[in-house]
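Hello,

Here is the structure I promised to pass on. Please look it over, then read my notes below.

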Amino acid sequence: MSGYRELYQPAHTIIGKGSINEIPRHIDLISGRKALVVTDGGLKKIGTLKKVTDVLERQGKSYAVYTGVKSNPTVSIVNEAKAVYDRENCDYLIGIGGGSPLDVAKAVSILAGNGGNIEDYNGLDKSKRTGAPIIAINTTAGTGSEVTRAYVVTDEVKKSKMLMVDANCLAYLAINDPELMIDMPPALTASTGMDALTHAIEAYVAKSHFPFTDGIALEAIALIGKSLEKAYRDGHDIEARTDMCWAEYMGGLAFSNAGLGMVHAMAHQLGGFYNTPHGVANAILLTHVMRYNTPSCKERYADVAKALGINISGMTADQAANAAIEYIEGMARRMKIPKLSETAFRPGDVITLALHALDDTGMPENPREATLVDVQKVFMDAYYAK
């Protein structure tokens, strides 16, 4: 490794109540003429889209809207959104949502700046030029997509998720306004919060972790331990929602710079094969991968336990790591995260899923090397878990 580290993060970030009102000022800073607003039908239905477009209209900002995003967005969805961007002569993007709309905004941005097909950009730093400017408005406290240089698109033909990691898709402006999150249903609060926890834990144990990512990952874990279940029980707890905004942002910043690991490598396959929501897939797999990884990073998992508020005094590193795993399993139970056996997962697919996971961009950063048999076993351990 070289003697220096390059940090990747949005040019500007605003976190807190009412932060969407700052959008017009930043549009002026980038001399934006017309935005393509990218979101999904659900956020249109509950009025989140209108909260943002009202801000644009009050300041006379021109925009077009694409609301066709679905969970685990596909190449076809990216192409549809890009066609609207071109037809409407847009020159920047506003993404509103969790990971799926923001990932589509990133994909369109890269295509607008570089041309070609989105499949051309699968992998690490495949684009040559900066994409169209993005204002990324996060509505779920989990994905971290507004802060990261990663985006995921499902290849319908191969039934696999493509993970693109590319600094040219970083948002110009990232916004986390907790007032946009208060109507998030409990199940979505749970799954996206567990996604944020997974980001922070995987970044903390990733092979490329370094002091900056360590610090923000641990603080993210502490905030999630303190506030996720509060937000799950009471969506209008603005303090808990704000804590989760900070936690998911820091977790996203940590993994965008340190990398992910085996949980995400495996979860991407559940999304690609069965359309399992990404946060749910991570929540199901997290503790099973932690058990697999413990021999290689038990001291770091002990740090995770301490960040979660567990008293680890007198414990060995193995005991503390196991305490963290049991604590996270308890959180998942209390928030009614399903088991893998309750999803569309089919044991007959496990070899194919494991092969794809081994090829995933996230796998090289996992702290413990894994073989095909290892990955299959973790999938099946999760499947048979009680």
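Predicted model: local features only at pLDDT ≥ 70, side-chain atom pairs only at ≥ 80, totals over all residues.

Start with strand 8, where V165 is the bridge partner of L124. Strand 5 and strand 8 (residues 160-165) run parallel and are joined by two bridges. They belong to an open sheet of three strands, with order 5-8-7 and mixed pairing. Strand 5 (123-124) and strand 7 (150-155) are the edges. Each has a single partner strand, so one side of each lacks a neighbour in the sheet.

Next, the salt bridges. The structure holds 14.

- K50 and D54 meet at 2.9 Å, N to O. They sit four residues apart in helix 3 (residues 48-58), about one helical turn. K50 is exposed at 51% relative accessible area, while D54 is partly exposed at 23%.
- K377 pairs with D381, with the closest N and O atoms 2.9 Å apart. Both lie in helix 13, again four residues apart. K377 is exposed at 51%; D381 is partly exposed at 36%.
- E369 pairs with K207 at 2.5 Å between the closest N and O atoms. This pair links distant parts of the chain, 162 residues apart. E369 is in the loop between helix 12 (350-359) and helix 13 (372-384). K207 is in the loop between helix 6 (186-205) and helix 7 (211-233).

Last, I20. This residue lies in the loop between strand 1 (12-15) and helix 1 (23-29). I20 is buried, because its relative accessible area is 8%, under the 20% cut-off. Its contacts beyond four places in sequence include K51, V55 and I137.

Best wishes

Methods: Residues numbered from 1 in each chain as written. Heavy atoms only, no water. Buried < 20%, exposed > 50% of the residue type's maximum accessible area, 1.4 Å probe, protein only. Contact = heavy atoms within 4.5 Å. Pairing = 2+ DSSP bridges. Salt bridge = Lys/Arg side-chain N within 4 Å of Asp/Glu carboxyl O.
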